[in-house]
Structures are given as structure tokens and as C-alpha cells.
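Hi,

Here is the structure I promised to pass on. Have a look at it first, then read my notes below.

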Amino acid sequence: MSPYKDRLLFNGETARLDQVPVTDMTDFRETVLMTTEGGGRLLSLFGVPAANAKTVRLYAVLSAADSGGYALLATDVVDQYPALTPECAQANLFEREIAEQWGVVPEGHPWLKPVRYHRAYRGKTDAWGRRAADPIEPCVTNYFNVEGEEVHEVAVGPVHAGIIEPGHFRFQCNGENVMHLEISLGYQHRGIERALSGGPNARTVHFMETLAGDTTVGHTIAYCQAVESLAGCGVSVRAEEMRGVALELERLANHTGDLGALAGDVGYLPTASFCGRLRGDWLNMTALACGSRFGRGWVRPGGMGVDLDPVRCEEMIERSEKVFRDVKGAVELLWDTPSVMARFEETGTLTPALSESLGLVGLAARACGVRRDVRFEYPSGIFRFFNMPVATWHTGDVFARAYVRWEEVNHSVAFIRERLSSLSEGPARRELGPLAPNAVTVSLVEGWRGEICHTVITDSEGRIAAYKIVDPSFHNWLGLAMALRNQQISDFPLCNKSFNLSYCGHDL
Amino acid sequence: MTLFPIINFLLALVSAPLLLGVINKTKALFAGRRGQPVLQAYSDLWKLLHKGAVYSRTTTWVFRAGPVVGLACVLVAAALTPFGGAPALMGFSGDLLLLVYLFGVMRFFTVLAALDTGSAFEGMGASREVQFSALAEPAFLLGLAAVAHVTGSFSLSTMFPALDATDWSQAGPALLLVAAALFIVFLAENSRIPVDDPDTHLELTMIHEVMVLDHGGPDFAFILYGAALKLWVLGALLSGILLPVRTGFGVIDSAIAWAALVALAAAVGVVESSMARLRLLRVPRLLVGAVLLSGLAFVLLLR
């Protein structure tokens, strides 16, 4: 019997903090392990220090398979606890994060390394016994090492040849063959979560919009959903429809850009050059709607910062048809070109079982045939009323990740057209009242990469006491590392692009 | 008549970077872009020649010798290459072997310079380059040997001018096989798609470009110019086989050969615009295919 069955919460539902069951470590572990072994997921796992900072309360956001909701569970730890990771791979990065932030050691964690290379938020020494005066240098740490005569190590980054974000990659290779890839990030750590406590204030929404620049709309909707739930503020259907449009436009721009970049990585020029331009066309549609190509200023707590008028709706529908026609022409070339398919197929393959055990989300999971989509599993906003088909493909390779993108482009275009041609009447924005004190809410949004999970806990005065953000990249980076096993090192850029994960979304 | 070898050699020196411009322009056309100017390569060379060079402290004289030796080799190769029905600037019996191995020496020094940096990327690039050229070399050599057999001469300067339409009518299939093999060698040796991608910036996938990552300024200008000349030399040989037009007027023959080179560059642009790069594992198969093609041509001629 699981202790949370009768307390199942839904996406964007607020609970009183004292309703969250606080159990001892044994029960906590058992529940987490039971849920994940049964095909459930660990959406989030994080620590919140007690007022005296002596103990840290660990919160787990758990979702049993096909339950449509989630449960919150908490336990108190002091300096160490038996790690979950050996039995539940999904907890890996979460436990490393907890160790780094709060100096709590998950004992028996097989690969306990820092995540973002910052000082512990609590205590005199951190989980690795380093004192406040000891220097912490980014990514200077132990790496998994393969030894042997013919083995060589290739280190890539943090400075890359293209205009991309910084990250460090270590390959253990035998000739061209990659035996192991270890990814080390943290260069983009800005301390966003900590900067949010005490809010919401005028800066909060801007933190959300710049948290991961290419997922501006996704993260901002997640934030708005959370504070609206905490404030008990209902959003008009019109605003929810526009949010849906904004979210899908973001998906379209990124998917189109990625399909072009995938073509570019195999040196296939036609699709690469056309998709580069077409991505801009989608972004310009967002700009037409709200004045910002990335949708900044569009989504606001209580609704939408900018309303749409019928003239602009018309123009957006018109443009979407034209752009979609071009995207179709450019992308379908990929599937018809044998030399491209030879590169895409059977490159960077992940199995559904691995995807499930690592807790992959978003299109990386869907490309393994796993029906993992917040819009389907935990619908909120407009997706409660309009069903988005879940695009999956079963091969788990680069082709699958490309093809799922293409399927989603089709679905998103249809969705946008439908919404824009029949926007409901209503206010674009409603006033957001004060947040409920001592409450907690979990807000999930299917960003273009995958599941975005924001957990907000308020204090006794209704201010943000703890804000936990989980970007889809946080789950998926390990998926990329695993996809590279026994691949050619020359295929890394292609595999990397097929995931196209966020560095700053991970580093926060 | 004696002026033509000198004029052709000078023409090669001056117009080699233009071929890169033609390739890029063709690719831009296919992509619906305006593209960089046709003369961009000249501006790049000019810019690089006016820069200083930065040398890593771990490198030795080998690193600095790489670009110089490479350029010297390719200059000699250009002097050995006949063009448009005229003999080359210099030639002797057996110079086709020298031509093949001049490229070998050029590669050897580029690889040494790459290894000298101690960088993992450059090591990988060097290993790939050596592996692939070990397969491209026999295809090249066998192809030239087949042409030598057709014309009964063992010097580039006499065999290429001797090629004409009657050879095509008598040994057409063999020459076509040689041309096909040499086209693959041409793409591989000049690091073009489907073997290498000259436009990529991704160190992990590059072959030739990654070996020269650490070179800058005039050294890099030498490398770029050397690569352009190499494109010219191999292109001149290939178009010399494919289009042995002999009008009897040296000027017209040269002009036709030059047009053929430009067309070849455009063809490279078309190939690059219409297919993706091969997976690195599959590249040897393509090159072995080229060896088989020129081998087959040779066997056909021995019959």
C-alpha cells in the first residue's frame, strides 16, 4: 500500500504543506523505489533546509505509471542517508544535486560528483569535505577512466568551435569507437533557484524567461501555472488558448531549427539552409503576436501580457500555412535521401528499457516508443480540452528523434490553426492575488524538449520559500551519454544535436 | 608552343583559389542563398598573410615545417601537371610516380605537424587521413598507370597531351572507369563531401581540417593555398582524361581545359548539395570501390 494513494495531486494543484506526508527514511525509500520499479517516475527530488539548518527535508515528487497525477512525499535527513541511486537510476543527478547544495551525503551513491561546482548552501564543509576556503574549480574533478594500451581519452570543451553553450565532454575511446562518455556541466550556473526565494517580485518572471532562452514560453507557463494555482487565480480560456499557441510556436521554431541542424551535421545542405530560415519564420510569428521573437513578455501570471486581435490571428494562420508548406518541402527531402537516412538510422540508439530506467523525458523518450508527454499524461491549461496526439517512434536512434520532431511539427501546426481560428472571448489577463501561505504546488509543462517541472513551496507569509526547477535536460543528459556507447566518436555531434539539450536549463 | 607550359603554370598559381569560389557559389545557389563572393578565397589568403602566427609551446620545428613543405610539394606537383594539351613545365619518364608521392610527402608532413601539437583532435584527424589516403593512393596510382598504358608513355607531360578522341573510341570503358575512380580520389583528397565536410566546425567529425586547427596566419594561408592548388592539379588530371579536346590551337585547348575545370568545380558543388556525408566507417568502402574501378580499368587494358 502506498501512503500517497489517497493524496494524489494533479498538475497545477495546490496542497497545504502540512498535508505532505513526512515519513522516516525507510518508508520514503521504499515508496520511491516501489513507484519507480513499477514504471513510475521521479519528477523531482530536492532538499529544503529546516529553519535551524540542522536538518534538510527531502521532497520527492512521484508519479505512478499512468496515474495522471503525482504525490508528494517528504523525509528529514541530517548529514547522510542511504542513496536511492543504486536501485533507482532516475535519482542519480537529483542526489548529486542534493549532496552539492546541502552537504547531505547519499551513502552508497556510485558516482557522487558535484553537478554545478558551487559551494554548499549549508554547513562548514560540503559533501566532499571541502571547507569554505578551499577553491572550487568548474569541472576539475575525477572522471571515469578506461585504461589500456589502445585506449585514448578525448576532452572536448568547455569552449566549443560553434556558438553554443559551454560544457565539458570526456570520451574514453578505442580508436574511433567510444566506450564511455562523461558529460560535465555547471559553467552556466547562475543561482536562479536561490534568487527566486522571497518572491514573487518584479524580477521573478524575467528569471523564468531567461532560465533557458530557447524554452522561454515553456518555463514561463510552468511558473505562471504554479503561482496562479497558489493564488487561486483562474485563467480565462482565451489566455489558455493563447498559451497553447505560444508553447506550440516555440516547439515549431525549435523543431524546425533542429531538423535543419541535423541535416547540417551530416553535411546535407538543402534542408540545413532552408530550415535555418524557416526557424526564423516561426520566431517571427511569435514576434508578430507579442513583439518578441522568443515570446518574452507574452506569458504573464494571470494570463497573457499581450492579447491577440482578429487581424493578427488571420495573418498568423496565413503565415503558418506558408511556412509549413516550406518546412514540409525541406524536411521531407531528409526522408527521401538515402545518404541522410544512412547516417540517421541506427546511430545513437537507446532502448525503451534504458529510457525508462534513466527517466528520460520528452522527445528523447518518445523516440524510444515511450508515451511520455505532459500534454497527454498530466494535461493542464488548454490541453485538458484539446487532445494533442503523442508522436512516438520505436527505433530510439537519431532518425527516431528527427522523425518524432517532424510528427510534432505536423500536430503543432494543426493545433495552432485550430486555436487561432476560434479564439474564445474573455479577458487576456486577470489580477493575480497573494499566494497561499504554507502551501506547495507542482506545475508541469511539456516544453519542446520535454517535461518541465516547477515545484513551489511558500512560507507563512505567502512568499516563495523554495523553488525547484527541473528542466527536461536535467533528465536527458545522461541519455545522451548512454546513446554514445559503442558509437563512432565522429557521430557525437549528430547524436548531440538529435537530443539538443540545454546547458543553462541544466545549470540554472 | 614553349610558352604554354609557363602560362598554364602561372594560370594554375593565380586561378586555383577561384575553384573554391565556384564550388561555394554552386552550393549557395542550391541552398537559395547569395553565398560568399567567388573571390572570397583570395581575400581570405590576403587576410591570413597579413596576420601573425601563434605557436604552441609544445610544438617544435616540425609543426612549422608542415605548411611550408606541403606548399612546396604541391607547387612541384603543379609544375608536373600538363594542362590543355600542352606538356607540363617539367617532366620526365616516371614523373607520375613522383606526382603521387609528392602528395604523399605533403600528407606526411601535415600529419607530423598535426601529431606535433599533441592534441587529441589532431591525432584523430591524422589517423583518419592516413587510413583513408592509404586507400586513395592505390586508386590514384592504378588510374594513372591505366592512362599510361593507353598512351604508351610513362610521363605525365607526354601521356596527357597524347590522349585524344581515338583513345576514347578504343579504350572508352577503361578510361571511363579511371575517370570515375579519379573523381572519388579527387573528392577524398580534397576533403569534400561525401568523405569529409569542408564546412563543418565540429572537431570530432573532421578529417583534414582538424589536422590544421592549430595553424594560423601565414602558415594557414600556405595550407589553404596548397589545398586550392591540389584541387587544381587533381582537377586538371581528371578533366584532362574526361575532355581531351585537341583543336590544334593551344589557346583554345587551354580555354576548354579551364572551362572543364570550372565545370568540375561546379559538379563538386552539386555533389555536396545533393547528398550527405558518409558515416566515417563507410568511407573506406567508397575508396576501396575506387581502387577496384581503376584496377578493373587496368585489367581491361591488359586484355
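Let's start with the two domains of chain A: their centres, taken over C-alpha atoms, are 26 Å apart. Domain 1 covers 5-107 and domain 2 covers 192-507; these bounds come from an automatic or database domain assignment. Before going on, some housekeeping: this is a predicted model, where local features need pLDDT of at least 70, side-chain atom pairs count only at pLDDT 80 or more, and totals for chains, interfaces and linings use all residues. Residues are numbered from 1 along each chain as its sequence is written, while chains are lettered from A and ligands numbered from 1 in the order in which they are written.

Helices (H or I, at least four residues) and strands (E, at least two) are DSSP runs, numbered from the N terminus.

Next, some strands to find in chain A. Six bridges hold the pairing of strand 8 with strand 9 (residues 168-174) of chain A, and Val151(A) has Asn174(A) as its bridge partner in strand 9.

Further along, strand 14 (residues 451-458) and strand 15 of chain A run antiparallel and are joined by six bridges. They make a hairpin with five residues between them, and Gly462(A) in the turn has a positive phi of about 80 degrees. Val456(A) has Tyr467(A) as its bridge partner in strand 15 of chain A. Is strand 15 (residues 464-470) of chain A mostly covered or mostly open? Mostly covered: six of its seven residues are buried. A residue is buried if 20 or more other C-beta atoms lie within 10 Å of its own, exposed if 12 or fewer, and partly exposed in between, with C-beta atoms placed from the backbone.

Zooming out, chain A has 16 helices and 15 strands. Its radius of gyration is 22 Å, close to the 23 Å that the globule rule gives for 508 residues, so chain A is as compact as a globular protein of that length. That radius is taken over C-alpha atoms, and the globule rule is 2.2 Å times the number of residues to the power 0.38. Buried residues make up 55% of the 508 residues in chain A.

Finally, the contact between the chains takes 23 residues from chain B and 24 residues from chain A. Helix 1 of chain B provides the largest share of the chain B side, three residues.

Cheers

Terms used
Pairing = 2+ DSSP bridges. Contact = placed C-beta atoms within 7 Å.
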